[in-house]
Structure formats: structure tokens, C-alpha cells
Amino acid sequence: MSSFILFSLQSCGNDKIISKASEAISHRDYKTALNEILSLSDETILESDTLSQMLSTAYYGSTLKPTRDIAVDCYDLDLISKNKQVVFTDFHNGSLNFYSFPEMQFIRSILLPEKAYAIDFSPNEEIFATALVNNNILIYETSTGKKLKELEGHTNRVRDVVFRDNELLFSCGNDQKVAAWDVTSGEPYWGKHQHSKNIKSLQMSKDRSKMITASNDGSASLLKAAGDRIGAEELRFIHGDNYVNDAAISPNNKYAVTVSGDGYAKIWDAENGCSLHYIFLNDPLGAVDISDNSKLVLVGGQRNVFIIDADEGKVICKINVMNKPVWSVRFLDGKQIAFADNSHFWHTTLLIGKDLITEARKSAQ
């Protein structure tokens, strides 16, 4: 038999397995999908982007179970690394809920005077800030939960807060403004009108020199966060007509990512603003984070969570969720990821390539 005929038969067999596995995944029959894919050799799976992605969906679908009834109406989550705790905003009753991590045992709850969209801890984790629907920001002491200051200045809902350091806090809101605050005095350092519609998120670069906004006007702005021209716009990324729900800048400051309700994750050159990759994920997208080594992008959608290879601009892992919008995603370290919708929380070790196949075969035994 010629090598061409052999290749054709193998390709036809692979297509049948892909079809069967895809059908099983659509019915959330992950074990059947897993068995179909694992009937192939490791080499065959690794050579196919489709099979590798489907294997990740089947593996996590059969093994990854969420912690329920923790992230209630959750728009944001954050981690306290010193005490190994995870904190969720509860938009239902306006509380902050603290759990041990990774055990997920309840520790305490802080009832806020208003509902909060976001929370951020100072680099030394001694204080944290909350972005409230009443246009204000509250500063709390982490150890006691005592309210320290209330920052007033926004004229509409505050959507996000992020510390540059232990003394300076940035915020953004539905008043289309970005503001900076002196944490010690509670006074505004500066504020500026940055977008033509609501600003929904604000993320800081790892070196704290830049920050990036995400706005309902369909764009994201890369701003200076340090130096003589704090707040100056360096670049504007025009994503499209739909809302940009979140944006992030890579730890190496080389690229930025915007995600939108239009289903696109777009990767941009953070030095000149040129587009690098447009990735259509066919899922309204709400959250993004980037790994510490700048190689992977974690994206939360309404139906799935995606891992994207930043250099190649392709999906290498896809995890089905509960058909509820995922508004918060986090890389916890080099191997752990976490994400939440409005009633579930997931955390797991990220497996790709050969490591994924090895663990998938163990789980299928």
C-alpha cells in the first residue's frame, strides 16, 4: 500500500473520530469524547490542533468540577498570597467574601455600604480598595476589615481600581474618566476624561509603568502609570464597534490583548499599536489575563474559557463552563489558573501538549 493511500485512510479515520468526539462534547458527554480521542496515538493528537484542543475540552469537562455557590454575582476576584486566601465580590448583597485557598473554606465576609464591581489589594497586601456603584471608592485594612477612607470624585459608577504601589491608586468608571489617588491622604492626584463611553476595566503592567483601559466605546488606551507624564496616552487600540469588556498588557510589555462581546480576542503590538492576531472565538468575551512568562493568554467567555498561544495567535486549550458569563480570570502562577462566573469558581493546573495527554490517559483508565 502506498504511503499516500495510507495517509488518506489515516486522515479519514481521524475525521471520523473528530466528528464523534465533537458530537459527544456538544452533549457534554466528555468521557465518550475522551475515549474517542485517546484511541489515537500521542503523535497523531499532538500533530493536530483540532484534536489537541478537543482533548483539553474533554479532559477538563470530565475532571474539573466547580466550587458552587461561592462566586455569587461575581464581577471580580483577587488573591491574598500571604495568607492564601481568595476574595470574591458579591454583587447580589454587596459583600466581600473571603475563603481559604485552595481548600475554599469560608473565613469571613465584609458587608459593604454599596455593591462593588471590583477589588484590588496593595502590593504589600495591608490594604485593599473597592470600586462601588455609588461613585465612590472605599479603602479597607486587610487584617481587620476596618474601613479606613472613602474616596470621592467620580460622577458615576466606579468600575475598577488598581494599585500602582502602596501609595498610589488608579480608578476608572462610567463617567468615562481615569483617576489617580493619594492613598495616604485620600485626595485625588489627577483625573482625566479618557473615553467616550463607560470605562469597564483597568489593568496594570507587571513593572507598574503602564496601565490599560477597556471601554464600551470599542477601544482600549495604553497609559503611562509612572514618570513625569502619568496618565498620558501612549497608544489607542481600536478593537471595533462592540464593547471592549477587558484588556491586559503582557508582563514583558511587548503586546496587549483586548476582548469584546463581538467574540474576538485581539492581540496588539504594545510598542507601535499594530495588530498582531485577530482570534474569533465565537463566544461573547468578558475577561482576560496573561501568564507571567507572557506566552499564554487566558480569556473568559459566556460558554468557554480559552487558553491562547500569544505568539501564534491560536487556541491551545478550551474549557466548557456553565453557559454563564465569566467576568474574572486569573493566572495564579506558572501552572495554575482560576476563573469564576456568577455562581461557580474553578481552579486547576493548566495542562497542554504531552502533559495533557499523559494525564488524560490516566484519568481514562
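How many bridges join strand 1 to strand 28? Strand 1 and strand 28 (residues 344–349) are joined by 2 bridges, and the two strands run antiparallel. The structure is a predicted model.

- Strands of a sheet pair through backbone hydrogen bonds, in either a parallel or an antiparallel manner.
- Here an open sheet is formed by 4 strands in the order 1-28-27-26, with antiparallel pairing.
- Strand 1 (67–68) and strand 26 (328–331) are the edge strands, and each of them pairs on one side only.
- Thr67 has Phe345 of strand 28 as its bridge partner.

**Thr348 in strand 28**

- Thr348 is a residue of strand 28.
- Its relative accessible area is 14%, which is under the 20% limit, so Thr348 counts as buried.
- Apart from neighbours within four places in sequence, the residues in contact with Thr348 are Tyr60, Leu64, Lys335, Gln336 and Ile337.

**Helix 2 with helix 4**

- Two packed helices are described by the angle between their axes and by the distance between those axes.
- Helix 2 (residues 30–37) packs with helix 4 (residues 49–63) at an angle of about 140°, and their axes are 8 Å apart.
- Helix 2 and helix 4 are therefore oblique to each other.
- The crossing in which helix 2 passes helix 4 is left-handed.
- Helix 2 contributes Tyr30, Lys31, Ala33, Leu34 and Ile37 to the contact, while helix 4 contributes Leu51, Met54, Leu55, Thr57, Ala58, Tyr59, Gly61 and Ser62.
- The residues of this contact of helix 2 with helix 4 comprise 9 nonpolar, 3 polar and 1 charged.

**Helix 4 with helix 5**

- Helix 4 also packs with helix 5 (residues 353–364), at an angle of about 45° and with the axes 10 Å apart.
- This angle makes helix 4 oblique to helix 5.
- Helix 4 passes helix 5 in a crossing that is left-handed.
- On the helix 4 side, the contact is made by Ser52, Leu55, Ser56, Tyr59 and Thr63; on the helix 5 side, it is made by Leu356, Ile357, Glu359, Ala360 and Ser363.
- Classed by residue type, the contact of helix 4 with helix 5 has 5 nonpolar, 4 polar and 1 charged residues.

Notes
Residues are numbered from 1 along each chain as its sequence is written. This is a predicted model: local features need pLDDT of at least 70, side-chain atom pairs count only at pLDDT 80 or more; totals for chains, interfaces and linings use all residues. Side-chain values use heavy atoms; hydrogens and water are left out. Axes are lines fitted to C-alpha atoms, for helices over the stretch in contact, and angles run from 0 to 180 degrees between N-to-C directions. Angles under 35 degrees count as roughly parallel, over 145 as roughly antiparallel, 65 to 115 as roughly perpendicular and the rest as oblique. A crossing is left-handed if the near helix is turned anticlockwise from the far one by less than a right angle, and right-handed if clockwise. Contact means heavy atoms within 4.5 Å. Ala, Val, Leu, Ile, Met, Phe, Trp, Tyr, Cys and Pro count as nonpolar, Asp, Glu, Lys and Arg as charged, and the others, Gly among them, as polar. Two strands pair if DSSP finds at least two bridges between them. Buried means under 20% relative accessible area, exposed over 50%, partly exposed in between (1.4 Å probe, protein chains only).
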